[in-house]
Amino acid sequence: MTQKERQAQSRKEILQASLEEFGTVGYAQATVDSICARRHISKGMMYHYYKGKDDLFLLCAADMFEKLSAFLAAHESDAPDAQQSAFDSLAAYYQCREAFFAAHPVYWKVFENAMLHPPAHLESRLRELRAPVWERNRQFLHRVAQQYPLREGLREEQAARYLESIDYAFQTILEKYDAKGKTQGVQEMLCLTDEILDMLLFGILRPQ
């Protein structure tokens with residue numbers, strides 16, 4: 001094995017250990033000692049490549065956003081078109097997102113810390129890392145908003161902002177809705193996504 005290959009392997013091991021740590025306990029509880037212990041990595045080797053906990057979290061966030069972006073790009077066919085209703089397009093979009101985290105559960109807590117509860121001193125760096133995914137999401141949601149017959153007096157820009165706010169916290173809503181963890185398997189989870197999305201978009205109360 002060449003030196004370049006050894007370095008690549010070391011970085012891969014550090015990334016995997018970091019994902020296991022941040023993906024299990026989150027940013028606040030993670031420690032460099034625990035990360036190193038997960039894969040029997042010497043602290044000397046870790047500090048040879050990274051400065052510490054913040055660098056390791058940014059490494060995980062970058063990996064997560066890259067994988068999520070590639071996953072969404074591979075499902076571009078789910079974008080809204082003339083043959084698909086706006087609700088079906090949006091449901092397919094959220095199903096795609098949930099399918100990603102169901103297939104890669106270690107990324108969810110990294111996503112949660114990066115998007116919903118970012119450490120204040122890392123917020124600007126995280127914003128840069130998530131920019132490509134955020135822009136892809138924004139464009140998709142604005143296209144969907146153009147398809148909806150909006151309530152009287154509601155502007156398309158307002159609808160798009162509402163959809164963006166749902167997107168921002170949808171995974172948290174899903175987890176709280178399924179608080180007892182009754183959902184088993186990807187298919188049940190996708191059905192639950194449809195159920196929540198229906199209520200978020202069309203409400204729960206019948207007009208009097």
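Analyst: Gladly! Keep in mind that this is a predicted model. Let's start with Asp33, which is partly exposed, with a relative accessible area of 47%.

User: Why is Asp33 called partly exposed?

Analyst: Exposed requires over 50% and buried requires under 20%.

User: What makes the contact of Lys43 with Asp33 a salt bridge?

Analyst: The closest N and O atoms of Lys43 and Asp33 are 3.0 Å apart. The cut-off is within 4 Å, for a side-chain nitrogen of Lys or Arg and a carboxyl oxygen of Asp or Glu, so this pair qualifies. Lys43 lies in helix 3 and Asp33 in helix 2, so the bridge ties together parts 10 residues apart in sequence. Lys43 is partly exposed too, at 39%.

User: How do you know that Arg127 and Glu123 form a salt bridge?

Analyst: Their N to O distance is 3.8 Å. That is still within 4 Å, so the pair counts. Both residues lie in helix 7 (residues 123-147), 4 residues apart, about one turn of the helix. Arg127 has 43% relative accessibility and Glu123 has 30%, so each falls between the limits of 20% and 50% and is partly exposed.

User: Why is Glu20 not called buried?

Analyst: Buried means under 20%. Glu20 has 24% relative accessibility, so it counts as partly exposed. Several other residues of helix 1 are buried, among them Leu19, Glu21 and Phe22. What covers the buried residues of helix 1 includes helix 2, helix 3, helix 4 (53-73) and helix 6 (106-116).

User: How do you know that helix 1 is not straight?

Analyst: A straight helix of 27 residues would span 39 Å, but helix 1 spans only 34 Å between its end C-alpha atoms. There is also a kink of about 75 degrees in helix 1, centred on Gly23.

Methods
Residues numbered from 1 in each chain as written. Predicted model: local features only at pLDDT ≥ 70, side-chain atom pairs only at ≥ 80, totals over all residues. Heavy atoms only, no water. Buried < 20%, exposed > 50% of the residue type's maximum accessible area, 1.4 Å probe, protein only. Helix = DSSP H or I, 4+ residues; strand = E, 2+ residues; numbered from the N terminus. Expected span 1.5 Å × (residues − 1). Bend = angle between axes of the 7 residues up to and from the residue. Contact = heavy atoms within 4.5 Å.
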